[in-house]
Amino acid sequence: LDTLENWVTEIFSEIPNNGLPKPSFGHLTRPFDTPEFHKLYRVVPIRKVHSLSITWALPPQEEYYRVKPLHYISWLVGHEGKGSVLSFLRKKFWALALYGGNGETGFEQNSTYSIFSISVTLTDEGYKHFYEVAHVVFQYVKMLQQRGPDKRQVIWEEIQKIEANEFHYQEQTDPVDYVESLCENMQLFPKEDFLTGDQLLFEYRPEV
């Protein structure tokens, strides 16, 4: 640590501080022409694969990093057990895999907006029925919306414990990658959360 501190002091101490706050683009809300989102776009892939992606543009969520609402929703959407979207679609032989989530950084989440996507890998039969697949996904999201999170704290706490275990028992990463990640976190979180803000769930707030 002493050696690293000396390196940092030597390399960075001469950089002048302009005294300005970090830039925020929070006033530039709704950057997307959302009526264009209410459309179906067909893209011909390079390799033979059928994939249905549904994307929502949401208000910025980074201020809720202690709650991680999109992580919670993606956990429910991506569940593969009985009663899940994927379980239903597999019984129909329409889907092979399903992923829902938000990258919580960069293009997918910033001070202007957040992106939430659900992607379904379809079978050949599922491709023929992709309208029905999309309908099932929207039905499930609507059900979550109607039921609300109030009675689902047990699920949130389960996610919290799993993420905590993964954090405490994670494999050592490459130091350069780790430092880069910490530098990014320093722009997003208060100092007490530099190490954990992007990984742990701290607060259950159903209204969020």
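Lys68 is located in the loop that joins S1 and H2; helices (H or I, at least four residues) and strands (E, at least two) are DSSP runs, numbered from the N terminus. The model is a predicted one, in which local features need pLDDT of at least 70, side-chain atom pairs count only at pLDDT 80 or more, and totals for chains, interfaces and linings use all residues. Residues are numbered from 1 along each chain as its sequence is written, and side-chain values use heavy atoms, with hydrogens and water left out.

Lys68 is not a glycine, yet its phi is positive, near 55°. Most residues other than glycine have a negative phi. Lys68 is buried, with a relative accessible area of 6%; buried means under 20% relative accessible area, exposed over 50%, and partly exposed in between (1.4 Å probe, protein chains only). Phe93 also has a positive phi, of about 60°, and belongs to the loop between helix H3 (85-91) and S2. Phe93 is exposed, its relative accessible area being 63%.

## Helix H2 and its surroundings

Helix H2 spans residues 69-77, and its buried residues are Pro69, Leu70, Tyr72, Ser74, Leu76 and Val77. These buried residues pack against strands S1 (50-58), S2 (95-101) and S3 (114-122), and against helices H5 (130-147) and H6 (153-168). Contact here means heavy atoms within 4.5 Å.

## Domains

The domain assignment divides the chain into domain 1 (38-146) and domain 2 (148-207), with bounds from an automatic or database assignment. Their centres, taken over C-alpha atoms, are 22 Å apart. The contact involves 14 residues from domain 1 and 22 residues from domain 2.

An unreviewed UniProt entry places the feature "domain: Peptidase M16 middle/third" at residues 167-207; such annotations may be inferred rather than shown by experiment. Over residues 167-207 the chain is 39% helix and 0% strand, and the end C-alpha atoms lie 26 Å apart.

## A nonpolar surface patch

Leu1, Leu4, Trp7, Val8, Ile11, Phe12 and Ile15 make up a nonpolar surface patch with about 810 Å² of accessible area together. Patches consist of residues with over 30% relative accessible area and no salt bridge, with like charges joined within 9 Å and nonpolar side chains (Val, Leu, Ile, Met, Phe, Trp, Tyr) within 5 Å. A salt bridge is a side-chain nitrogen of Lys or Arg within 4 Å of a carboxyl oxygen of Asp or Glu. Areas come from the Shrake-Rupley method with a 1.4 Å probe.

Val8 lies in helix H1 (residues 2-12) and is partly exposed, with a relative accessible area of 46%.
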